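Subject: Structure for you to look over

Dear colleague,

I am handing over the structure that we spoke about, and my notes on it follow below. Please read them beside the coordinates and tell me where you disagree.

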Amino acid sequence: MASSTNTQNAEPLRRDDSTVLSRIADNPWPAARWVAVMGVLVLLELGALLGGFLNVVEALLIAVTGLAEVTVGLVSSSLAAGILGFQQSAASTLSGLRADTEGIPTLLSRDVIPNQGYQPGGTGAWEGPFLGLEPAYAWALRLVLVLAYALVLSYWLFRGWLVFREHYRQMEWSPTDDVVDKLRTHRWGQFGIVILVLFLTMGLFGPAMGPTTVEQNILSPYTEDSRIEYYNAESGSVETVFAGEANFNAKSIGSQDSNVGPMTYDDYGRFHPFGTLTNGRDLFTFMMGGARISLIVTGIAIGLGTLLAGGLAMVSAFYRGSIDLGVLTLADGIVSVPRLLLLIMVSAVFANTWLGNILDGGFLLAVVFGLTIWPFLWRAVRGPALQVAQEAWVDAAKSFGQQPSIIMRKHMFPYIMGYLLIYASMSAGGIIISLSALSFLGNGLGISPPTPAWGRAVSLGQGLVSGPSWHISFIPGAMIVLLVTGMNAFGDGIRDAIDPESDTGEGGETTAAGGGG
Amino acid sequence: MNRSIYLLKRIALALPVILFGLTVTFLILYRGPLDPANAILGQDAAPSDVRRLRVALGYINPDGSPVPLWQQYYGVMSDLLLFDFGNSWAVQRNVSVASIIVSRMPATLWLGFWSVMVALVVGIPTGFFAGLRANSLSDYVASGGGIVWRAMPNFWLAVILAGSLTAGGLMSWYRHFPCGPNENPCAWRTDVVTTPSEVSNLFSTIDLFTGVPVLEMLFIPVPNGFNLLIAFKWILPAALVLGSASMGNEIRIGRTAVLESINSKYVETAKAKGLSPRRIIVKHVGRNAAIPLLPVIMGEFYLLIGGSVLVEKVFSINGLGNLFFRAIIVPDIPVVMALVFIFVLINVFVNITQDLLYTVIDPRVTLEDTG
């Protein structure tokens, strides 16, 4: 094959100072093949991917400007107001762009594979769903296709790294290779990765995965766009109704005659994979919406916490002495106030203020999570950081006159990054649980309604667990258990891959991972 | 280093920690956008009333000028550190915060005690059992259960458990387990979870804040066994939920710790000496496995404090967690400040105890390392 001879030819080039681009130019085939498949994959779902990307950009923008706003606000309130104005205009531009991306045709959307419809005459073929299938099958087909697409896409991204490693990387070997190779035989870790991909898919493609949309079913069920057609058995004709009115008659409130359980239809021919909530909204759609906000909040929190923990661990390991002691005291001080109580306090105090309204209350919580989670991560990576700070290469870099910040970034950070990843993924589970616990408590805490939040669903079904409407509380909690287990499995996998010997002695840190809420 | 000197050093280091926690709480409550006067008097209160209340709460001077923040800070902190918690604003107006807390404490202690016990009694033996039969089917069941148990949110587990106990069906045997004479029919309701009078009586004899009549504690009335059993029945589901995460951790850490020590040289030596398996497990495996378990067990206290808010709310237990939640929603700042102060104190105390315990179980740990 041409590619294999090319690889042979490219071999001598790998250890010199050539750039990645020149190496690709020398041996273009593997890269070209990867890019071609990737291009097809991206084109298929361009609209959804762009929409998801803009969502992340928007969240990041809000996070960064929000932080800047708070810090600047301490000095000058007019400057802070300026930042607020910028934030609002930029965010609205982004939402506009996002609305535009919804116009881009995507293959796996509800326009291509619709699932809502009615049976003219009450029986027989369905009018509306894809290929005249029953709505349940049309929805399941779309769901399976979206999930399969997401798995293929993530595999192909990984494949890209493999291609890079085999053909274009300058180093023949790096420690990351061993970690990845070990993970490829670690079934438990792979389970974690699959679960993570699954939930990330829910966050990214959620609008296409639910049987209906958050917009139509939950946020604005009484607009003209939210009309649905159904077959009215009494009048014997097809009529239209607002989704909100249909919801009103599809409530699950615990009695046999007023319950829409999992995998059933309501009176309007709408299929509910997870049943409906007490207010008749579709639980599956609610869960998809909740996945997005949960993952955004967790992402911001873990990002902030990891950044702080990694930075402070390196600084305290590099300088030691009183700086180390200072960080230790600060960490102890933060840990001494139980996190859930602090979150309840902050959430209650700032409810209904502008700060408490960014990202439906999620932003403030994400910052508090980030500021309170780092002591746990810091304690976990302080050991490895102290170890690496005593290595000969750090000494060598010091005597060479290298700047401390560069030593930390180039010679210490790669070593502690793996440990950070382990504990970050394990703490992420704790954040998910605490976040839903706050939404469960309600009273202005947590994510503010009507934006979906997992904990609120549990709270809505609280009194109905023992009756026919058990699904309202049970399913959201079971999904949280699945996600948290997956995150712990992912952390376990990386830990075993980095250092198979280190299985004990981290009890104090792992307590941060589970429970709590 | 001498143990008492070490202890003094730890206490000295704990002071900034406590101050930090309290300062953060103070800033959130007093500098944040809370308006207690509005919350207490309602939206349509007369301005003169609001003003009088603000003067009384220490927000403004009688002449209308605001009290500077540092002055409020000094007042609040000096009162707290002298254990003068003041009176409640809203939860139980004009009742002293200390007496409210003392009246709520027994329920939380009763819950916390059993959640620690349940986790210990179930978690550690299960972990040891799984470790001793590593990679067998029973190991997979035990450690798999531990993993899922650990990932379950407390509030969800509480909702599911309370719901299934109320419904009967599969769980109906539990109602009859010990059924008191006043329960007719034997039922499960979440609103009757109480502290046995033996435990609450114990508390009424101790006035924590005006001096402790220690002698009276020695004359505890003989507990009525049946009442204790019924109270235990009411508290067990809540305790199981509150201890769930710790139990999962204990299974996990216990298993790996046993695995680690069972393959070590000293266990081999003990076997070669002809020690009985039971003696090996208790003396050589168990003691060494206790070292990594210690932070997990002590970490339970940390989880208990936060978790009690959720569990007490779902099971309608009238304890400190429920009090905290009500106080912050109203808001009743003196109650919140006092509770945070107590929780921070407990945390710091538990941390110091943990480090001291390390030196007791593991003689290799020197006090210099941990300072």
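Helices (H or I, at least four residues) and strands (E, at least two) are taken here as DSSP runs, numbered from the N terminus. This is a predicted model, in which local features need pLDDT of at least 70 and side-chain atom pairs count only at pLDDT 80 or more, while totals for chains, interfaces and linings use all residues. Residues are numbered from 1 along each chain as its sequence is written, and chains are lettered from A and ligands numbered from 1 in the order in which they are written.

Asn135(B) sits in the loop between helix 5 (97–132) and helix 6 of chain B, and its phi is near 65°. Burial is judged from C-beta atoms placed from the backbone: a residue is buried if 20 or more others lie within 10 Å of its own, exposed if 12 or fewer, and partly exposed in between. Asn135(B) counts as exposed because it has 9 C-beta neighbours inside 10 Å. In chain A, Arg320(A) lies in the loop between helix 11 (283–319) and helix 12 (321–336), with phi near 50°; as it has 13 C-beta neighbours inside 10 Å, Arg320(A) counts as partly exposed.

One joins Val330(B) and Pro331(B), with omega about -5°, and Pro331(B) is placed in the loop between helix 15 and helix 16 of chain B. Another runs from Pro449(A) to Pro450(A), with omega near 5°, and Pro450(A) falls in the loop between helix 17 (404–441) and helix 18 (454–460) of chain A.

Helix 17 of chain A also holds Ser427(A), which is buried, with 28 other C-beta atoms within 10 Å. Ser427(A) and Ala309(A) are 118 residues apart in sequence, and their C-alpha atoms are 12 Å apart in space.

Chain A also contains a hairpin, in which strand 1 and strand 2 are separated by four residues, and Gly236(A) in the turn has a positive phi of about 75°. Strand 1 (residues 227–232) and strand 2 (residues 237–242) of chain A pair in the antiparallel sense over six bridges, where pairing requires that DSSP finds at least two bridges between two strands. Within this pair, Asn232(A) has Ser237(A) in strand 2 as its bridge partner.

Chain B, by contrast in topic, has 17 helices and zero strands, and buried residues make up 37% of its 371 residues. Taking two residues as in contact if their C-beta atoms, placed from the backbone, lie within 7 Å, residues 24 or more positions apart account for 74% of the contacts in chain B with a separation of 6 or more.

Finally, the contact between the chains takes 60 residues from chain B and 45 residues from chain A. On the side of chain B that touches chain A, the largest share, twelve residues, comes from helix 14 of chain B. By class, that side has 42 nonpolar, 16 polar and two charged residues, where Ala, Val, Leu, Ile, Met, Phe, Trp, Tyr, Cys and Pro count as nonpolar, Asp, Glu, Lys and Arg as charged, and the others, Gly among them, as polar.

With best regards
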